[in-house]
Amino acid sequence: MAKYIVKRVFLAIVTILIVCAITFFAMNAIPGGPFDGEKAISDEVRAVLEQRFNLDKPVPQQFVLYMKNLLHGDMGISTKTGRDISTIIGESFPISARLGGMAIIVALVLGLVFGSLAALTRNKLPDRLIIFFSTLFTSLPSFVFATLLLLVFCVKLKWVPVWSADKQNYVLPVIALAAYPMAYITRLTKTSMLDALGQDYVRTARAKGVAQWKVIFKHTLRNALIPVVTYVGPMTASILTGSLVVEKIFSIGGLGSKFVDCITNRDYPQIMGTTIFLAVLMVTMNLLTDIVYKIVDPRVKLD
């Protein structure tokens, strides 16, 4: 286990370095710069700003300087606000994490419940309804669903207030973020449960008179959790990093909306800092998933 973890940490570092290089060079390959949109800016001021952010140097040299600063924990400052990137991430991410955490819990709980119910009522009305809605939510993009929720419940019915600093409401953003992973977990759980219910050890347990609830929760559901656990890591990272448009739709001041703004404004340091932070989060969650996978199923061997 320890050897595997060391190997994965090394690969994670390499992955993050590759993400840094791709993001940096792709970002600089796009025509224009962070100061092109400024109004009434003189050539002298532009030259000073470019020198301040090392934009007057060749791109490879800029990358080397940025990585040196990054190794010392310096992500730079925003070209638009002048604030430290680490401070911006530190203030914005807890909002996204709170929203994403609630969405993850909702997706897991409802996905496992609906998936198990669909498997236990196969080809009956509950199963057909669950599969219908899970297929619908799987095919519906989160930003489209978020827009529909905002339009119906906030604008038309006025049941839920629009997000504001004084009256924060997580109901609609959580539903919008949790819909797709919940539907996917439902389908995964149903498939795994049906496979487990057909195994010999389940039939043996039933033949010995083991209680139905014990067969379901101890024998069937535990083995059905294995593919769900595999999906939880990437799902967690994707919810925390993929709430960009949803946060923007509901005007949530989280990291996602900040990321969209910095891309629009061509804020190079903030784009790099946010991308690196999200990449670290992604590879960390994948590593934790593999470890939990081993705990859930001891038969899995990590090489």
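Q: Let's start with Ser78: where does it lie?
A: Keeping in mind that this is a predicted model, Ser78 lies in the loop that runs between helix H3 (59-71) and helix H4 (85-120).

Q: And is Ser78 buried or exposed?
A: Ser78 has a relative accessibility of 1%, and because the cut-off for buried is under 20%, Ser78 counts as buried.

Q: Which residues is Ser78 in contact with, leaving aside its neighbours within four places in sequence?
A: Ser78 is in contact with Phe53, Arg83, Ile85, Ile88, Asp267 and Gln270. With Asp267, the side chain of Ser78 makes a polar contact, side chain to side chain, at 2.4 Å.

Q: Switching to helices, at what angle do H4 and H11 cross?
A: The axes of H4 and helix H11 (residues 255-264) cross at roughly 125° and come within 7 Å, which makes H4 oblique to H11.

Q: Which residues meet there, in H4 and H11?
A: From H4 there are Ile89, Ser92, Phe93 and Ser96, and they meet Leu255, Gly256 and Lys258 in H11. By class, this contact of H4 with H11 has 3 nonpolar, 3 polar and 1 charged residues.

Q: What about H6 and H7, how do they pack?
A: Helix H6 (residues 142-156) and helix H7 (residues 171-197) pack at about 150° with their axes 9 Å apart, and they are therefore roughly antiparallel to each other. The crossing of H6 and H7 is right-handed.

Q: Which residues in H6 and H7 meet?
A: Ser142, Phe145, Ala146, Leu149, Phe153 and Cys154 in H6 meet Leu172, Ile175, Ala176 and Ala179 in H7. The residues of this contact divide into 9 nonpolar, 1 polar and no charged.

Terms used
Residues numbered from 1 in each chain as written. Predicted model: local features only at pLDDT ≥ 70, side-chain atom pairs only at ≥ 80, totals over all residues. Heavy atoms only, no water. Helix = DSSP H or I, 4+ residues; strand = E, 2+ residues; numbered from the N terminus. Buried < 20%, exposed > 50% of the residue type's maximum accessible area, 1.4 Å probe, protein only. Polar contact = N/O pair within 3.5 Å; in protein donor to acceptor, adjacent residues only side chain to side chain. Contact = heavy atoms within 4.5 Å. Axes fitted to C-alpha atoms, helices over the stretch in contact; angles between N-to-C directions. Parallel < 35°, antiparallel > 145°, perpendicular 65-115°, else oblique. Nonpolar A, V, L, I, M, F, W, Y, C, P; charged D, E, K, R; others polar. Left-handed = near helix turned anticlockwise from the far one by under 90°.
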